[in-house]
Amino acid sequence: MRHLACAIGAAVVVSAATFSTAHATTFTNIIDPLNPTFTQALGVNDAGTIAGYGNATTFNGFTLTLPPVAGNFTRLNVPGADGGTQVIGISGGGTTVGFSITGGVTSGFANTGGQGGTFTTVNKPGFAFTQLLGINQAGTTAAGYWSHDPAGATGQIAGTVSGGPGFASPTFTNINALLPTNFNSQATSVNNSGEVVGFYQYNATGTPLFSAFADIGGTIKSFQAPGSNSTQALGVNNLGDIVGDYVDAAGVMHGFLDINGIFTTLDPSGSTATTINGINDHGTVVGFYVDAAGNTIGTVGTVPEPASMLILAAGLAGLGVARRRRSTEA
């Protein structure tokens with residue numbers, strides 16, 4: 001759809017990618033009042049309801065309606081999960097997905113109706129570890145990964161799970177089989193048209209390096225943010241806009257927005273490392289950053305309207321045509 005280059009089987013996809021100079025117009029901190037030094041905002045639906053969690057040790061899940069004041073946080077934790085709950089994705093109808101840890105076992109879950117509603121365990125049969133990392137706005141399909149490793153650190157297999165919103169009889173689809181050879185992979189988000197984004201680890205030794213991917217109808221497009229050799233796609237909306245993070249040449253992690261190959265860096269003021277994890281159809285993005293004191297702070301921002309980004313893309317394309325014409329005339 002928008003990326004540098006990819007070859008899968010006989011299919012080869014080549015497209016240009018560049019950075020824009022546009023930036024998010026606003027970022028607002030999200031600080032869990034029960035966990036003020038550690039908050040991650042991970043998903044947002046078109047109504048603006050945010051999914052996330054606080055506490056880096058025993059995860060404390062929540063949903064949030066803006067503004068991010070204490071009274072607008074609603075706790076959402078899988079009953080009996082002694083290791084905690086991460087709420088990661090939220091559909092337009094309010095179905096949430098994520099994972100919980102009980103007795104050291106990590107399980108995916110789907111929830112309808114909030115804390116007093118229905119929690120459904122969603123685990124890939126025959127595997128020891130499952131996480132759900134996103135759900136489409138329609139609430140029908142989730143994205144995630146599973147592993148035979150009880151810790152989930154090795155052998156990660158990216159996939160999707162259909163059967164929502166209840167997921168009582170889920171169907172698991174392996175996406176890793178479509179990807180280039182890799183050592184771990186995760187599907188992180190899916191939209192209503194079935195486009196899936198995620199990332200895979202492409203090196204075997206040393207610091208893990210990642211390539212982002214988009215799966216559109218079974219065609220895989222791998223990509224990196226310009227100038228980066230480690231990029232993770234973490235969210236996609238129904239317009240096909242992608243958010244995530246990338247590591248620059250100095251080793252600093254930044255958030256990004258990718259609209260048709262035009263990349264915008266998204267870093268809240270005061271950030272030393274940023275991850276942008278979710279985006280809705282209105283251009284609201286959520287994520288988290290680490291400040292100079294080492295606190296992890298949730299964030300919500302407003303990105304440029306898609307039309308303005310398309311105008312920029314058209315301008316860049318026109319500039320390229322003009323340059324070619326001048327070269328020909330010379």
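Mentor: Start with the largest cavity: about 210 Å³ of space lies in it. Keep in mind that this is a predicted model. The structure holds one cavity of 30 Å³ or more. Rolling a probe the size of a water molecule over the atoms shows where empty space is left.

Who lines the cavity? The lining has 24 residues. Val44, Ile135, Ser189, Val236 and Ile279 lie nearest the centre of the cavity. By class, the lining comprises 10 nonpolar, 13 polar and one charged residues. Strands do much of the work here. S5 (39–44), S9 (84–90) and S13 (129–135) each supply at least two lining residues. S17 (184–190), S21 (231–236) and S25 (273–279) likewise each give at least two.

Now turn to the largest pocket. About 400 Å³ of space lies in that pocket. Its lining has 18 residues, and Gln40, Gln186, Leu234, Asn277 and Phe288 lie nearest its centre. S5, S9, S13, S17, S21 and S25 each bring at least two residues to the pocket lining. Each of these strands also supplies at least two residues to the lining of the largest cavity.

Take S25 and Phe288 next. S25 pairs with S26 in the antiparallel sense over six bridges. Phe288 sits in S26, where it is the bridge partner of Thr275. Phe288 is also one of the residues nearest the centre of the largest pocket. S25 and S26 form a hairpin with four residues between them. In that turn, Gly283 has a positive phi of about 85 degrees.

Is S26 buried or exposed? Six of the seven residues of S26 (284–290) are buried, so this strand is largely enclosed by the rest of the structure. On its way onward, S26 is joined to S27 (296–302) by seven bridges, and the two run antiparallel. Val290 stands opposite Thr296 in S27. S26 and S27 form a hairpin too, with five residues between the strands. There, Gly294 takes a positive phi near 90 degrees.

Move to S5. This strand belongs to an open sheet of four strands in the order S5-S6-S7-S8, with antiparallel pairing. S5 and S8 (73–75) are the edge strands, each pairing on one side only. The twist averages 30 degrees from one strand to the next. At the S8 end, three bridges join S7 to S8, which run antiparallel. Phe62 stands opposite Arg75 in S8.

Within this sheet, check the loop between S6 (50–54) and S7 (60–64), which holds Thr58. At 38% relative accessibility, Thr58 is partly exposed. Beyond its neighbours within four places in sequence, Thr58 is in contact with Asp82, Gly83 and Gly84. Gly84 falls in S9 (84–90), one of the strands that supply the cavity lining. The C-alpha atoms of Thr58 and Ile101 are separated by 9.1 Å, though the two residues are 43 apart along the chain.

Four strands form an open sheet in the order S13-S14-S15-S16, with antiparallel pairing. The edge strands are S13 and S16, each pairing on one side only. Here the twist averages 30 degrees from one strand to the next. S15 and S16 pair in the antiparallel sense over four bridges. The bridge partner of Val161 in S16 is Phe172.

The loop between S15 (157–162) and S16 (171–174) contains Gly166. Gly166 is partly exposed, with a relative accessible area of 34%. Its C-alpha atom is separated by 8.3 Å from that of Thr95, a residue 71 places apart along the chain.

Last, step back to the whole chain. The protein has one helix and 27 strands. Of its 330 residues, 52% are buried. Among contacts between residues at least 6 apart in sequence, 43% join residues at least 24 apart.

Technical notes
Residues are numbered from 1 along each chain as its sequence is written. This is a predicted model: local features need pLDDT of at least 70, side-chain atom pairs count only at pLDDT 80 or more; totals for chains, interfaces and linings use all residues. Side-chain values use heavy atoms; hydrogens and water are left out. Buried means under 20% relative accessible area, exposed over 50%, partly exposed in between (1.4 Å probe, protein chains only). On a 1 Å grid over the protein atoms alone, a cavity is a set of points where a 1.4 Å probe fits but cannot get out, and a pocket is an open set with protein on both sides within 12 Å along at least five of seven lines; lining residues have an atom within 4 Å of a point. Grid points are joined across faces, edges and corners, and a volume is the space filled by probe spheres set on the points. Ala, Val, Leu, Ile, Met, Phe, Trp, Tyr, Cys and Pro count as nonpolar, Asp, Glu, Lys and Arg as charged, and the others, Gly among them, as polar. Contact means heavy atoms within 4.5 Å. Two strands pair if DSSP finds at least two bridges between them. Axes are lines fitted to C-alpha atoms, for helices over the stretch in contact, and angles run from 0 to 180 degrees between N-to-C directions.
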